[in-house]
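Visitor: Please take me through one part of this model in close detail. I would like the ligand site and what surrounds it.

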Amino acid sequence: MARFLARRLVQSLLLVFIIITINFFLLHLAPGDPLARYYHPDIAPETIELMREKLGLDRPLIEQYVKWIWSFARGDFGISLQYNRPVASLLAESIPNTLRLTAGALMLYIIIGVALGITSAVKRYSLFDRVSTVAALFVYSIPSFWLALMLILFFSLKLGLLPSSHMQSIGIEGAGHFAMFVDRLRHIVLPAFVLGVASAAAMARYMRGSMIDVLGEDYIRTARAKGLPDRKVFLKHAFRNALLPVVTIIGLSLPFLLGGSVVIEKIFSWPGMGRLTVDAIHARDYPVVLAVNFIVAVMVILGNLLADIGYACLDPRIVYTRVGESK
Amino acid sequence: MDVLLKVDNLKTVFDTEDGVARVVDGVSFEVGHGETVGLVGESGCGKSVTALSIMRLVQDPPGRIAGGSVLFNGRDLLTIPEREMRKVRGNEISIVFQEPLTSLNPVFTCGEQVREAIALHQKLGRRESKRKAVEMFRLVRIPDPELRYRSYPHQMSGGMRQRVMIAMALSCQPKLLIADEPSTALDVSVQAQIMDLLLELKEKLGMAVLLITHNLAVVAQMVERVLVMYAGVVVEEAPVGGLFAEPLHPYTEGLLESLPKLGAPAGRLSMIPGNVPDPLNLPPGCRFSDRCPRRFDRCLSGEPPMFTVGRRRASRCWLREGGG
Ligand SMILES: Nc1ncnc2c1ncn2[C@@H]1O[C@H](COP(=O)(O)OP(=O)(O)OP(=O)(O)O)[C@@H](O)[C@H]1O
Ligand code: SF4
Ligand SMILES: [Mg+2]
């Protein structure tokens, strides 16, 4: 286990290094100027050139890169060009919020997807199976921004049931822990649902297929021949085997969720990394964009690592070192 | 001998794209308490489906039991509620499958899979059921039973896995064990060990055994009575000695001729020419007529019923009409 983790760690570090390097150059080669917002008739071009010099943006790209990666390696993410604040403190504010949203979506989609998929498989070709098949396809093909707007329209504007933006109500801090918890829960329902629902639909399909495959296995017949009731056959003997291929898919869905959160956070004014990134890209705020990029890369790799470990825990045939070798 | 199992006119069909395949098409036989009966026949003749039908484990869809009865201790297993049937499976009737490699769940330990059956039927707690499971491992002569209890199926050889399956099947002292080609998938050297083990456990525990095989040589050593099955029906029934001495059905003759004989030049097995007919497309009259060397006019005009010959024998062949 330790050897497996060590190897994965080294691989991951290398991967992250490559990703952020590529990103650095892509970002700087793309058109745009971080100082563009100072272009103004009242500001002399010399002043802007002076700022450029002070920020080091006039240096050759390779020199900027070396300087940047060196401070990055020491854990210094630099200063945001846009807010004039340390990038680290901007991230510290927004990362937990994004994690909260993605974790909410992840939980929602796993629970809904797994439950629907298993029920469909067990009641194969029933009305339930048919309806959920069509519904899954439908949900999967809806653009999430449209779904978000429709849900806001219905639940927030028409019914007034759920808030349409932000993470919590203004002034809720003084209202006690429970009231605050409920308030936050109400705020997260819509964005987490929109973020997770497409994945839930995909998950339901994978889970159904996987479960149907497993139900045809010889060991399921053995479990029945033992006299076990259906519940045990499905939830003990079939479920754990059917979950195996799905665990990998959960790991792979992480980039999808994090990418999706960019749009969702913008729509729901969720103060997370996604919103920070969009704003930073618009402003060509290089240090922020690169730091976010780094964080997301780490999260995705971590997610896959967790999926691999989960897989190995579920399947006794997997030996940890082999997981590393197969990559 | 008291009748333990009485299968009467059992019919199991599969709904396929090309029509309804009558895979088991009116099988009747009896197994007495403590008796060992062999069910032999070529691959695809419906042996496994017969076994699964008795246990009510035929996958539905596409399979379905279309008629007949399976009396077990006088109770018709085909009509009792599923809840009752679950108390029979693994408890009063057990089955050992053809494929030891895939019949155990890969994500649970072998011990757990045996323990589960014991806990289920004997209403025992975790500790007690585990103790009994280890005892079963010892009974089927798995070395290091405590250690092997914690092994996963992939850590065991085929022979060991089949021993685990046997331990599981016998863990609740069933009255009937159905052994569906328990050794076919194993190495030749291991095959004999498994069959010896079964024979020994049968003597020790005294249950009845329905031994399914396509190997007549195995039957000769292990069983008292033989049922020969062809294309979904039993075509001959006889005590094992009589069957080998004087087969009463041309199909049985063919099977016996295809056995390797002492002194005969190796590699010159005479197989029965032709193939088992497709259940969707049976020949007219006798099911064996397209392959039978003794076919005559009568054979094509109608299907022969089971003719009893003497006290303990029967043959589904027009040649035996009138008990000859
Ligand atoms: N699920 C199924 N769907 C359709 N046909 C089936 C199914 N299962 C079995 N059959 C058919 O039933 C027939 C008998 O199968 P069965 O498994 O009982 O043969 P068998 O006598 O046990 O042969 P073997 O010696 O190979 O085990 C075969 O022709 C097979 O095609
Ligand atoms: S009835 Fe006719 S075809 Fe059938 S086995 Fe007897 S002799 Fe052969
Ligand atoms: Mg078979």
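Guide: An oxygen atom of ligand 1 sits 2.9 Å from a side-chain N or O atom of B:Glu181. That is a polar contact, a pair of N or O atoms within 3.5 Å; within protein, one atom must be able to donate a hydrogen and the other to accept it, and residues adjacent in sequence count only if both atoms are side-chain atoms. Alone, ligand 1 exposes 640 Å², and the protein buries 67% of that. Accessible areas come from the Shrake-Rupley method with a 1.4 Å probe; for residues, only the protein chains shown count as cover.

Some ground rules. This is a predicted model, where local features need pLDDT of at least 70 and side-chain atom pairs count only at pLDDT 80 or more, while totals for chains, interfaces and linings use all residues. Residues are numbered from 1 along each chain as its sequence is written, chains are lettered from A and ligands numbered from 1 in the order in which they are written, and side-chain values use heavy atoms, with hydrogens and water left out.

Stay with B:Glu181. Its phi is near 45 degrees, a positive value in a residue other than glycine. Most residues other than glycine have a negative phi, and most peptide bonds are trans. B:Glu181 belongs to the loop between strand 7 (176–180) and helix 7 of chain B. Helices (H or I, at least four residues) and strands (E, at least two) are DSSP runs, numbered from the N terminus. B:Glu181 counts as buried, at 4% relative accessibility. Buried means under 20% relative accessible area, exposed over 50%, and partly exposed in between (1.4 Å probe, protein chains only).

Two further oxygen pairings involve ligand 1. A polar backbone atom of B:Gly44 is 2.8 Å from a ligand 1 oxygen. A polar side-chain atom of B:Gln98 is 2.8 Å from an oxygen of ligand 1.

Now the whole shell. Ligand 1 is surrounded by 14 residues, the closest being B:Ser43, B:Gly44, B:Lys47, B:Ser48 and B:Gln98. A residue is near a molecule if one of its heavy atoms lies within 4 Å of it. The shell has five nonpolar, six polar and three charged residues. Here Ala, Val, Leu, Ile, Met, Phe, Trp, Tyr, Cys and Pro count as nonpolar, Asp, Glu, Lys and Arg as charged, and the others, Gly among them, as polar. Helix 1 (residues 47–55) of chain B gives the most to this shell, with three residues.

Follow that helix onward. In the loop between helix 1 and strand 4 (63–72) of chain B lies B:Pro61. The peptide bond from B:Asp60 to B:Pro61 is cis, with omega near -10 degrees. B:Pro62 is in the loop between helix 1 and strand 4 too. The bond from B:Pro61 to B:Pro62 is also cis, with omega near 5 degrees.

Helix 1 of chain B also meets chain A. The buried residues of helix 8 of chain A pack against helix 1, strand 6 (93–96) and helix 6 (158–170) of chain B, together with helix 7 (177–215) and helix 9 (230–267) of chain A. Contact here means heavy atoms within 4.5 Å. Why is helix 8 (residues 218–225) of chain A largely enclosed by the rest of the structure? Because six of its eight residues are buried. They are A:Asp218, A:Tyr219, A:Ile220, A:Thr222, A:Ala223 and A:Ala225. Just after helix 8, A:Gly227 takes a positive phi of about 100 degrees.

As for chain A itself, its secondary structure comes to 12 helices and zero strands. Of its 327 residues, 44% count as buried. Its C-alpha atoms fill a box of roughly 85 × 55 × 40 Å along the principal axes.

Back in chain B, one more positive phi deserves a look. B:Asp144, not a glycine, has a phi of about 55 degrees. B:Asp144 occupies the loop between helix 4 (126–139) and helix 5 (145–149) of chain B. At 52% relative accessibility, B:Asp144 counts as exposed.

B:Asp25 is in strand 2 (residues 19–32) of chain B. Its relative accessible area is 11%, so B:Asp25 is buried. Its side chain makes a polar contact of 2.7 Å with that of B:Arg287. Another, of 3.2 Å, joins the side chains of B:Asp25 and B:Arg22.
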